[in-house]
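Welcome! Open your viewer, keep the selection panel at hand, and follow along stop by stop.

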Amino acid sequence: MFFDADLLTSALRALTPILLAALGGALCERAGVFNIGLEGMMLLGCFTSVATSWFTGSPWLGVLAAALASAAYSLILAVGAVTLRGDAVVLGIAMNLLAVGLTSFLLRTVFGVQGTFDDPALAGLPLVGAFTPLAWLAWAAVAVAALLLSRHVWGLRLRGVGEAPEAAATLGVNPAAYRYGAVLLSGVLCGLAGAQLALGNVTLFSQNMTAGRGWIAVVAVMLGRALPVGVLLAALLFGLAEAAGFRLQGLGLPQQATDAAPYVVTLGALFLTTARRRRTRSAPGVVS
């Protein structure tokens, strides 16, 4: 049977890094900062978690280091886009490219290898049930983020900063401080996503191992309209696509075709979403 409990379990494992990163992107979107640097922050989290876990023997120190390193890296976007008022898209692309080069350089410098670092002494994350603690944390974070954005003062102010920063400022809210907070929190979540990918889904580091998952997280933010539950559903769609790709590979399909499955789903979802929005705008009585 193609669709079974094992496929769902595999999909839930696959969606966790995407979900964590997408939640960070959703918070930035709500604050009025379009963050497409999720890929680079995730990749840095992957390397930092593996390096720290290998040197210390503790995967939890690796998780902590990944969160701190990615948060520090996110300051490039915060300073550039919020303080210096630069283009967030350009900054995000630059961060993604920098992370690829930086982690490849550090892989050769720190471990003396190229391509992939894989050592039996590398400690991965333990399992609680069928999933790592970071997977359980990711699902709990969806509920926390939903409550935060809809009920808590900080979340309501964050939404106000994103929708009408001038009006928020007249009420005594500091838009820059809230945007910095959202970007830094997205860095933490991307670091956790990288740690889950490198120490949870697998136990190794390879060059550019995020393989577009950060970009898929950006699409999940768009499809979910920066709503935590919507982001979860979008991440689940991509997780199912990735798990189905692995299942089809086991049935004999070429690896290149199965690896493309999540990205085909991404393009299809974007096409359908764009078409739906255009129909809504062109409907009678709808003002665009």
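For sorting residues on this tour, Ala, Val, Leu, Ile, Met, Phe, Trp, Tyr, Cys and Pro count as nonpolar, Asp, Glu, Lys and Arg as charged, and the others, Gly among them, as polar. This is a predicted model, where local features need pLDDT of at least 70, side-chain atom pairs count only at pLDDT 80 or more, and totals for chains, interfaces and linings use all residues. Residues are numbered from 1 along each chain as its sequence is written, and side-chain values use heavy atoms, with hydrogens and water left out.

**Stop one: the cavity**

Select Gly25, Glu29, Phe34, Asn35, Val218 and Val221, which line the largest cavity. On a 1 Å grid over the protein atoms alone, a cavity is a set of points where a 1.4 Å probe fits but cannot get out, a pocket is an open set with protein on both sides within 12 Å along at least five of seven lines, and lining residues have an atom within 4 Å of a point. The volume here is about 40 Å³, taken as the space filled by probe spheres set on the points, which are joined across faces, edges and corners. The lining divides into three nonpolar, two polar and one charged residue. Helix 1 and helix 9 each give two or more residues to this lining; helices are DSSP runs (H or I, at least four residues) numbered from the N terminus.

**Stop two: helix 9**

Now select 213–223, which is helix 9. Is this helix largely enclosed or open? Nine of its 11 residues are buried, so helix 9 is largely enclosed by the rest of the structure. Buried means under 20% relative accessible area, exposed over 50% and partly exposed in between (1.4 Å probe, protein chains only). Among the buried residues are Arg213, Gly214 and Val218. After the helix comes Arg225, with a positive phi near 55 degrees.

**Stop three: the second largest pocket**

Next, pick out the lining of the second largest pocket, including Leu20, Leu137, Val144 and Leu189. Helix 1 (5–31), helix 5 (133–150) and helix 8 (175–201) each give two or more residues to that lining, and helix 5 gives the most, with six. The lining residues divide into 12 nonpolar, no polar and no charged. The space in this pocket is about 190 Å³.

**Last stop: helix 4**

Finish by selecting Leu97, which lies in helix 4. At 60% relative accessibility, Leu97 counts as exposed.
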